[in-house]
Every structure is written in structure tokens, then in C-alpha cells.
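Hello,

Here is the structure I promised to pass on. Please open it first, then read the notes below.

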Amino acid sequence: MTIKTIGFAGLGLIGGSIARAVRRVHPDMHIIAFDTDRNSLTAALSDGTLNQAHDTLSTGFSQCDIIFLCAPVNFNVQNLKILKDIARKDCIFTDVGSVKSPIHKAVSQLQLENRFIGGHPMAGSEKSGYASASDRLLENAYYILTPCAGVPAGATDALTRLVSSISALPVLLNDRRHDQITAAISHLPHIIAYTLVNLVKDSDDEEQTMRMLAAGGFKDITRIASSSPVMWQQICNENRENLLDTLNDYIHSLQNIARAIDLDDQKALQGFFAAAKDYRDSIPRSKAKGSIRPLYEIYVELIDESGAIATIATILATNGISIKNIGIVHNREFQEGALRIEFYEEDAAQKAAAHLRKFHYTVHERN
């Protein structure tokens with residue numbers, strides 16, 4: 001299968017980022033898109049990403065070799081019902097949702113099992129919309145593909161090559177296994193983060209002492225609780241069974257550790273923490289992005305004197321390194337370094353550490 005024309009039903013952050021990446025790598029590709037936001041379409045035409053833009057799902061999509069469904073699941077299903085009668089009979093459909101079973105079920109009901117390859121680019125941002133899309137968003141991000149059993153191998157190969165060409169890392173799974181995996185490595189961690197934040201909030205005193213002291217390990221493991229509440233409500237609904245199974249396993253693990261603490265079982269406690277440490281330490285460092293947005297940061301030992309932070313900021317600025325966030329760490333119980341600096345990219349964090357060490361700063365990098 002050769003892909004010459006690509007359609008996008010939805011041109012937000014993910015759809016827009018894929019379209020921009022395809023345009024950068026394949027300048028001759030014909031790209032068309034539908035979106036209800038005309039400003040997004042106008043912007044994508046103006047910057048050269050799109051060849052055609054449509055504010056309805058029209059016959060313009062009949063020329064597509066592949067169509068990306070880039071709206072929420074319910075809208076994707078509605079759009080698919082329309083597009084299946086517009087698109088060519090050999091056109092392949094794919095989506096970008098983080099839960100695969102619901103869309104695969106809809107595809108089966110629409111008898112499109114020979115034309116659908118589920119997709120989940122494991123990348124994102126706290127921002128949304130085409131204005132926030134980037135042609136580099138998916139670089140080194142895992143991009144899971146879940147082809148239906150009836151899809152021709154040539155179609156799966158073609159989409160895999162397209163994903164690889166924009167520097168994403170394709171991984172083939174079936175939809176059920178995908179949802180089991182993401183329930184454990186992405187969905188459950190978010191629920192844990194939200195639950196822990198609410199526990200501390202409800203346990204705090206009138207002076208909000210917990211809120212004032214919350215830093216270090218607490219902020220590390222709860223930062224993902226700043227994600228969209230609406231999105232996570234939808235994910236819990238879409239991946240309900242897998243999430244409940246994983247959540248029940250986690251509750252059982254908490255009960256076991258509570259029992260060991262209650263019984264003062266030192267051997268069980270040491271084994272519990274050692275096993276977790278060994279597994280965590282065995283996870284290789286890689287530029288590959290996973291389901292949870294990575295954090296690029298360093299910690300710098302800092303002498304408390306006037307202009308100390310400004311000096312560091314100047315060193316980084318003169319070397320063309322952009323800072324996302326910077327601040328003093330008041331609670332250093334779980335980490336070294338008095339100054340925390342966050343960056344947009346891993347390369348920037350590594351370069352910053354190298355430059356600061358040249359000026360004899362002690363720098364600690366996140367593992």
C-alpha cells in the first residue's frame with residue numbers, strides 16, 4: 001500500500017501534530033482535514049500544513065488512502081459512520097485515542113474490521129488545540145498500533161512506515177492487551193495521584209500546613225494530578241473493566257503492606273521495598289516517551305546569596321538554553337539540590353547540567 005493522500009477528522013493537538021510532522025517529512029504528501037474550529041483550519045492552511053480544509057465531512061475525503069480520526073471516541077464513531085460511505089473501499093481508518101476497546105467495538109459493529117488500525121501516540125501536552133501542535137511532539141514517542149485481524153498486512157506495514165518516518169516508535173499490540181497495559185502504567189498512576197492529593201487536602205488543617213510543606217516526593221508523584229479532570233473521567237469510563245481489575249490488585253498490594261507494617265514484619269517490608277527498587281532501577285534510561293509526560297529537570301546546589309539564581313539563569317540564557325520553570329526547593333527530604341530547574345526538552349536539561357558543572361556548580365540529574 002502506498003500513502004499519497006491523508007485525511008484528518010479533527011485537527012487539535014494530536015491530529016495537528018501528526019499533520020505537521022507528516023508535512024515536514026513528506027512535503028509532497030496531500031493532506032486534507034475537517035474540524036469544527038475554522039480558526040484551526042485557517043491556521044493550518046496558512047502555515048502550509050494542509051492542501052485542503054473542510055468544515056463538514058464531505059466528498060473531499062473520497063481521495064484519501066488513510067484517514068486519522070482525531071476527535072473524542074464518541075465523535076470518532078459518528079465521523080466513522082459518515083466517512084465509511086464517503087471514503088474509497090480500500091481506504092484505511094485509524095484513530096489516536098488512549099483507550100482502544102470502545103473504538104474497536106464500534107468498528108466491528110460497522111463491519112470495518114478489514115479497514116481499521118487503532119492508534120495511540122503516547123505523547124501529549126498540558127495545552128490543547130492546533131495552535132499548540134508541534135511537528136516534533138511525537139519524536140521518540142511510542143506509537144501503539146492495534147490492527148484489526150482482517151486488515152491487510154500491507155496496510156499495517158504502510159502505517160508503521162509512516163509512523164516511523166515522523167520519528168515515532170511503532171509498537172504492535174492487540175486492543176485488549178493495549179488497554180490492560182495502559183490501565184496499569186498510565187491510568188492507575190493518575191488515579192493514585194488524584195487520590196493522594198485529595199487525601200492530603202482533606203487531612204490538612206485550617207492553616208494548610210500540609211499544602212505549605214508539600215514538596216519533594218509528594219510533588220513528584222502527584223504532578224500528573226494536574227491533568228484534565230474531564231479527560232480522566234472519560235478514560236475511567238472507557239477502560240472501566242481493566243482499570244477496576246488493576247485497581248483491585250493495587251488495593252490488595254496496599255493491604256499487604258499495611259499488614260506487614262501492623263505486624264512489624266521487617267523481612268516482608270524490606271523485601272517489598274527491595275523488589276520495587278530493583279525493578280524500578282532496571283528500567284533503562286531512554287529518550288523514548290511513554291504514557292506519562294516526561295519531566296526534564298535538574299537540581300543545583302546553591303549558596304544563599306544575592307544574585308545566585310540570576311547568575312545561573314544568565315549562564316543558561318547565554319548558551320541558548322530555555323527554562324520552563326525554576327524555583328527554590330524548601331523541602332529536600334527526598335532529593336538533593338536547593339534549586340530546581342525544569343526544561344522543555346531532555347537535551348536542554350543535559351546541556352544545562354554540563355554548562356553549570358563547567359562553572360563548578362554541583363548538579364544532580366533526575367533518573
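**Helix pairs**

Start with helix α6 (residues 175–203) and helix α9 (residues 229–238): their axes come within 11 Å and cross at roughly 125°. The two helices are therefore oblique to each other. The crossing of α6 past α9 is left-handed. On the α6 side, the contact is made by Ser-186, His-187, His-190, Ile-191 and Tyr-194. On the α9 side, Pro-229, Trp-232, Ile-235 and Cys-236 take part.

Keep in mind that this is a predicted model.

A second pair is helix α10 (residues 240–262) with helix α11 (residues 266–282). Their axes come within 8 Å and cross at roughly 140°. That makes α10 oblique to α11. Here, too, the crossing is described as left-handed, with α10 passing α11. From α10, the contact uses Ile-257, Ala-260 and Ile-261. From α11, it uses Ala-268, Leu-269 and Phe-272.

**The chain as a whole**

Now step back. The chain holds 13 helices and twelve strands. Its C-alpha trace spans about 65 × 55 × 40 Å along the principal axes. Of the 367 residues, 40% are buried. Take the contacts in the chain with a separation of 6 or more: 72% of them come from residues 24 or more positions apart.

Go next to the start of the chain. Strand β1 (residues 5–9) pairs with β2 in the parallel sense, over five bridges. Within that pairing, Ile-6 stands opposite Ile-31 in β2.

Ala-33 has Ala-53 of β3 as its bridge partner.

How many of the five residues of β2 are buried? Four of the five residues in this strand (residues 30–34) are, so β2 is largely enclosed by the rest of the structure.

**The open antiparallel sheet**

Further along the chain, look for an open sheet. Four strands form it in the order β10-β11-β9-β12, and the pairing is antiparallel. β10 (325–328) and β12 (363–365) stand at the edges. Each has a single partner strand, so one side of each is left without a neighbour in the sheet. Neighbouring strands here are turned by 20° against each other on average, direction ignored.

Four bridges join β10 to strand β11 (residues 339–343), and the two run antiparallel. Ile-326 has Ile-341 in β11 as its bridge partner.

Two helices go with this sheet. Helix α12 (residues 308–318) lies across β9 (296–300), β10 and β11. It runs at about 25° to β11. Helix α13 (residues 346–358) packs on the sheet and touches β9, β11 and β12. Its direction makes about 20° with that of β9.

**Two residues to look up**

Where does Gly-129 sit? It is in the loop between β6 (116–121) and β7 (142–147). Gly-129 is partly exposed, with a relative accessible area of 27%. Leaving aside residues up to four places away in sequence, Gly-129 touches Gly-12 and Leu-13. Gly-16 is 113 residues from Gly-129 along the chain, yet their C-alpha atoms are separated by 7.9 Å.

The other is Asp-157, in helix α5 (residues 153–165). Its relative accessibility is 41%, so Asp-157 counts as partly exposed. That value lies between the cut-offs: buried means under 20%, exposed means over 50%. Asp-157 and Thr-2 are 155 residues apart in sequence. In space they are 9.9 Å apart, C-alpha to C-alpha.

That is the tour.

Best wishes

Note on methods: Residues numbered from 1 in each chain as written. Predicted model: local features only at pLDDT ≥ 70, side-chain atom pairs only at ≥ 80, totals over all residues. Heavy atoms only, no water. Pairing = 2+ DSSP bridges. Axes fitted to C-alpha atoms, helices over the stretch in contact; angles between N-to-C directions. Contact = heavy atoms within 4.5 Å. Buried < 20%, exposed > 50% of the residue type's maximum accessible area, 1.4 Å probe, protein only. Parallel < 35°, antiparallel > 145°, perpendicular 65-115°, else oblique. Left-handed = near helix turned anticlockwise from the far one by under 90°.
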